Amino acid sequence: VKKEKPKEVILALDASLEGDTTSAYVAEHLRRIAPNLKITRLAYGLPLGADLEYMDETTLREALRGRKEI
């Protein structure tokens, strides 16, 4: 993030308690490094508790379109 200076970081973690906790931790760390960085998380295109490894292309595309800033 420091070197490449992206405009946005999209967090793509499982829709679970662990995914939520990890997203919050990573977002907090990134905000310290780059306060103006846009940090988003994929919209939930899979049921809660489902694994990302089973996500199909259409579901992933819709999750990217509906992502939310955190």
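Q: In which sense do β1 and strand β2 (residues 38-41) pair?
A: This is a predicted model, in which local features need pLDDT of at least 70 and side-chain atom pairs count only at pLDDT 80 or more, while totals for chains, interfaces and linings use all residues. Residues are numbered from 1 along each chain as its sequence is written, and side-chain values use heavy atoms, leaving out hydrogens and water. Strands (E, at least two residues) and helices (H or I, at least four) are DSSP runs numbered from the N terminus, and two strands pair if DSSP finds at least two bridges between them. β1 and β2 have 4 bridges, and the sense is parallel.

Q: Which strands stand at the edges of the sheet?
A: The open sheet has 3 strands in the order β1-β2-β3, with mixed pairing. Each edge strand has a single partner, so one side of it is left without a neighbour in the sheet. The edge strands are β1 (8-11) and β3 (68-69).

Q: What angle does the direction of helix α1 make with that of β2?
A: Helix α1 (residues 17-33) packs on the sheet and touches β1 and β2; contact means heavy atoms within 4.5 Å. Axes are lines fitted to C-alpha atoms, for helices over the stretch in contact, and angles between N-to-C directions run from 0 to 180 degrees. The angle is about 175 degrees.

Q: How does L64 count in terms of accessibility?
A: L64 lies in helix α2 (residues 57-65). Buried means under 20% relative accessible area and exposed over 50%, with partly exposed in between (1.4 Å probe, protein chains only). Because its relative accessibility is 32%, L64 counts as partly exposed.
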